Amino acid sequence: MQRKVVPDIVNKQRIEVLPAGTTVRDATRKMTERHIGAVLVGTAEHLEGIFTERDVLTRVVAQGLNPDNTRLESVMTPDPDTVAPDDIALHVLERMRASGYRHLPVVDAGHVIGIVSIRDLYAAVKRELEENLQQHEAFIFDTGYGTG
């Protein structure tokens, strides 16, 4: 069975979408409180960008910007690539690896419905591979069929 982004990875997720004018300090506080590595920027109906822990390092700290007066709109990744709910987890994982992404927004008909992390995808693909291996072993070694 090939796992899909929704519902196998993203399921009843409470996403964090912040306005572009939010300060980096407020965004990172929210990320810390929620134990998440990225926030989406815009509204649920209009995705403007994504702001990640990597952006904090490369676009804020390394550039010597003040997080109290730097707005997300100036340090986010604008118009990020997105995935669809019915995308296959393995394909999304390969795409993220090839592009160097750690987080991708999940968008359905223009509406933000979630965010998927590379860690979530690794776990889902690992589960899928383990299940496939168990099925193959059961077939090869004739276990689980009652004919033993």
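1. **How H5 and H6 are set.** H5 covers residues 89-99 and H6 covers residues 118-140. Their axes come within 9 Å and cross at roughly 135°. Axes here are lines fitted to C-alpha atoms, for helices over the stretch in contact, and angles run from 0 to 180 degrees between N-to-C directions. H5 passes H6 in a left-handed crossing. Left-handed means that the near helix is turned anticlockwise from the far one by less than a right angle.

2. **Basis of this note.** The model is predicted: local features need pLDDT of at least 70, side-chain atom pairs count only at pLDDT 80 or more, and totals for chains, interfaces and linings use all residues. Residues are numbered from 1 along each chain as its sequence is written, and side-chain values use heavy atoms, with hydrogens and water left out. Helices (H or I, at least four residues) and strands (E, at least two) are DSSP runs, numbered from the N terminus.

3. **What meets between H5 and H6.** From H5 come Ala 89, Leu 90, Val 92, Leu 93 and Met 96. They meet Ile 118, Leu 121, Tyr 122 and Val 125 of H6. By class, this contact of H5 with H6 has 9 nonpolar, no polar and no charged residues. Contact means heavy atoms within 4.5 Å.

4. **Two cores.** A nonpolar core is a set of buried Ala, Val, Leu, Ile, Met, Phe, Trp, Tyr and Cys residues joined through side-chain atoms within 4.5 Å. Buried means under 20% relative accessible area, exposed over 50%, and partly exposed in between (1.4 Å probe, protein chains only). The largest nonpolar core has 15 residues; Ile 9, Val 83, Val 92, Val 116 and Leu 121 touch the most other members. Helix H1 (5-9), H5, strand S5 (103-108) and H6 each supply at least two residues of this core. A second, separate core has 13 residues, including Val 24, Ala 27, Val 41 and Phe 51.

5. **Val 106 and Val 83.** Val 106 is in strand S5. Val 106 counts as buried, at 0% relative accessibility. Leaving out residues up to four places away in sequence, its contacts include Val 5, Val 10, Val 83 and Ile 115. Val 116 is another of these contacts. The C-alpha atoms of Val 106 and Val 116 are separated by 6.9 Å, and the two residues lie 10 residues apart along the chain.

6. Which strand holds Gly 49? Gly 49 is in strand S3 (residues 47-52), and counts as buried at 0% relative accessibility. Asp 55 is in helix H3 (residues 53-61). Asp 55 also counts as buried, at 5% relative accessibility. Beyond four places in sequence, Asp 55 touches Ile 50, Val 60, Val 75 and Thr 77.

7. **Positive phi to check.** Most residues other than glycine have a negative phi. Asp 79 has a positive phi of about 45°. Asp 79 lies in the loop between strand S4 (77-78) and H5, and counts as exposed at 64% relative accessibility. Ala 109 has a positive phi near 50°. Ala 109 sits in the loop between S5 and strand S6 (111-117), and is exposed, with a relative accessible area of 72%.

Terms used
Nonpolar A, V, L, I, M, F, W, Y, C, P; charged D, E, K, R; others polar.
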